[in-house]
Each structure stands twice: as C-alpha cells, then as structure tokens.
Amino acid sequence: MKFLRLLRRDINLGTVRRLFMYIIPVVIAYMQVSECNKLYVSFLNDGTLTAPATVIDYLMYCTQGMFIFHFDPSQHFVIPIYWFLFFISISYIIAYYAHDDYEGNGRNIYLAVGNRRSWWNAKCVWCILSVVVYYIVYLAGVALLTLIKGGTLSLTCNRQFVDIVLSNNASALSIKEIMIIMVLLPLLIVSGMCLVQMFMGFIVTPIASFAIISGVYVVSAYYTVWWLPGNYTMWLRSSLINEEGVRPVSGIVYGFIMMFIAWYGGRSYFENADVM
C-alpha cells in the first residue's frame, strides 16, 4: 500500500535517523527524578517517611505541572520549567521534518505515489507515533531512574509523600485515574497540538507555528480555562484534584477534535496545493 510505504519512509527519515533527539525526555526525567529523590531522602532521614519511593510517586511528581494560578499583585507568576521544557521539546522535535520533506521532495513523491491524501495521512500518523515514542522513552526513563534511586515499580503511591509534597486529594486517586490524567490525557492533548502545529507550519512557517504552540503553553500556565489545552497536561489542575480545574473528559474530547481539525485541514490544503 502507498500509505504504508510512505509511513515507513517517514518513520525512517523523521524518527529513526533522528533518534538522538529522544535523549531530551531522558534528560528531563533525570532532572525531575533527582529533584524528587532529594525530597524523599530528606523525609526518610527525618523519619517522616519509612517506605521507599515507588514509580507512581515519581510519576506524580514529574507530571504535576502547577496549581491553579490566581492573580495576586503580591505574588510572582513562575512557569513550571520542567513542564514547559518537556512539552516544547516534543514540539521542537516534530517542527521541521514534514515541512522540509514537502519542500524538498513533495513534487517527486506526489508524482511517484499519485496520492496526496496518503502523503498527508502518513505524516499525521508519523506525528502521533513521534509523540507516543517520546512518552514511552520518558516513562521508561522515569521507571529506570526509580530503580537506580532505590525505589520500587509498585503501582501504588506513598500517601504521606503525596499529601505532603503534592496534594491532599491526589493520594485518593485510583491507578486508573492516575493513568488517565497523567499519561493518557496529556498524550492525547500533545498529539493534537503537535498535529495542529505541523499543519500550521505549512500555512505560516515551522518556526512561527512552534512559537505559537509555545505561547499557548505559557498562556495555559497562567490561565486555567477549558479552551487552553495546556491545562489538561497538568494533573494538579484536573477537576479530580480541584473543583475549579478542567475536566478530563473535556480534555479527551478536545484532543480528538484538534487531531481531526488538523488532519482534515491538511487534507484539504494539500488537495489544492501546487507543487509543480
């Protein structure tokens, strides 16, 4: 099938040959886990905690984002740096490949396969797979570092640690709820945002679309509203934690809507694009 040939090509050129870029989530995981481990060790030393940390403890710490920000003249707004770096890094990884491939090889590929939809469909699937790979590398890094730091891979959290460091409501979350608001929901939102970014890269430029998406993350950190997608990537802003937060179901729907709009918009764009 033409689509599968194009997808294999995109995976090879857009991912396999650029695997070195996926060291970024490992570095971010290392910094976050190390910071969390220092807190954990201090609690162990003063007797506050007795049990070793679990992978869920580290995951909850690493994916927390920030609490809902309420404007106060006496307080400074500080964006959570690790959260910001994590999400703009995947945006950077997918920023240029599709556009550069179109500019350099679009005409030849169109003539070879004779199907513009297959070309765009392959790019969309490649983009989503890139986000999935990014997340897998990150989660594997968190799990490995948990073991290196002396923790366990238990799928339970240390309620005392979570209550002290994160949120009183978080320790009551089930493993299903944890996986939804800390893994599945951010994965869907980021996939949607990356697809929108990739599509916008053809309307404007890749650097402009990257800047726009980065700006959306910054504004999302400042304002907690349902229509700013970055809020769904911070579980501390989930309605499961704070009644003023965003609803996970809304985020899941939002993610699929962004993916559909980007896919359909790109299909329409390339059906009318002049590459001759």
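Visitor: Leaving aside neighbours within four places in sequence, which residues is Ile 56 in contact with?
Guide: This is a predicted model, and the contacts are computed from its atoms. Ile 56 is found in helix α3, which covers residues 55-62. Leaving aside its neighbours within four places in sequence, Ile 56 is in contact with Ser 154, Leu 155, Thr 156, Cys 157, Ile 175, Ile 178 and Met 179.

Visitor: How many Å apart in space are Ile 56 and Cys 157, C-alpha to C-alpha?
Guide: Cys 157 is one of the residues in contact with Ile 56. Along the sequence the two are 101 residues apart. In space, C-alpha to C-alpha, the separation of Ile 56 and Cys 157 is 5.5 Å.

Visitor: Is Ile 56 buried or exposed?
Guide: A residue counts as buried when its relative accessible area is under 20%. Ile 56 has 2% relative accessibility, and therefore it counts as buried.

Visitor: Where is Leu 173 placed, and is it buried or exposed?
Guide: Leu 173 has its place in the loop between α7 (159-165) and α8. Its relative accessible area is 10%. The cut-off for a buried residue is under 20%, so Leu 173 is buried.

Visitor: Which residues does Leu 173 touch, not counting residues up to four places away in sequence?
Guide: Asn 158 is 15 residues from Leu 173 in sequence, and their C-alpha atoms are 12 Å apart in space. Not counting residues up to four places away in sequence, Leu 173 touches Ile 178, Ile 181, Met 182, Leu 240 and Ile 241.

Visitor: In which loop is Ser 238, and which residues does it touch beyond four places in sequence?
Guide: Ser 238 is in the loop between α9 (206-222) and α10 (248-271). With 5% relative accessibility, Ser 238 counts as buried. Not counting residues up to four places away in sequence, Ser 238 touches Ile 181, Gly 245, Val 246 and Pro 248.

Visitor: What is the relative accessible area of Gln 197?
Guide: Gln 197 is found in helix α8, residues 175-203. Leaving aside neighbours within four places in sequence, its contacts are Ser 91, Ile 94, Ala 95, Ser 209, Phe 210 and Ile 213. Gln 197 is buried, and its relative accessible area is 1%.

Visitor: Which residues is Met 198 in contact with, leaving aside neighbours within four places in sequence?
Guide: Met 198 is among the core residues that touch the most other members. Leaving aside its neighbours within four places in sequence, Met 198 is in contact with Ala 98, Trp 120, Lys 123, Cys 124, Trp 126 and Cys 127.

Visitor: What distance separates the C-alpha atoms of Ile 28 and Gly 141?
Guide: Ile 28 lies in helix α2, residues 23-45, and is buried, with a relative accessible area of 3%. Its contacts, leaving aside neighbours within four places in sequence, are Tyr 82, Leu 85, Phe 86, Ser 89, Tyr 134 and Tyr 138. Ile 28 and Gly 141 are 113 residues apart along the chain, and their C-alpha atoms are separated by 9.2 Å.

Visitor: How many helices and how many strands are there in the protein?
Guide: Read along the sequence, the pattern of the protein is α-α-α-α-α-α-α-α-α-α. The counts are 10 helices and 0 strands.

Visitor: What is the radius of gyration of the protein?
Guide: The C-alpha atoms fill a box of roughly 70 × 40 × 30 Å, taken along the principal axes. For 276 residues, a compact globule would have a radius of gyration near 19 Å. The protein agrees with this, for its own value is 20 Å.

Technical notes: Residues numbered from 1 in each chain as written. Predicted model: local features only at pLDDT ≥ 70, side-chain atom pairs only at ≥ 80, totals over all residues. Heavy atoms only, no water. Helix = DSSP H or I, 4+ residues; strand = E, 2+ residues; numbered from the N terminus. Rg over C-alpha atoms; globule rule 2.2 N^0.38 Å. Buried < 20%, exposed > 50% of the residue type's maximum accessible area, 1.4 Å probe, protein only. Contact = heavy atoms within 4.5 Å. Core = buried A, V, L, I, M, F, W, Y, C linked by side-chain atoms within 4.5 Å.
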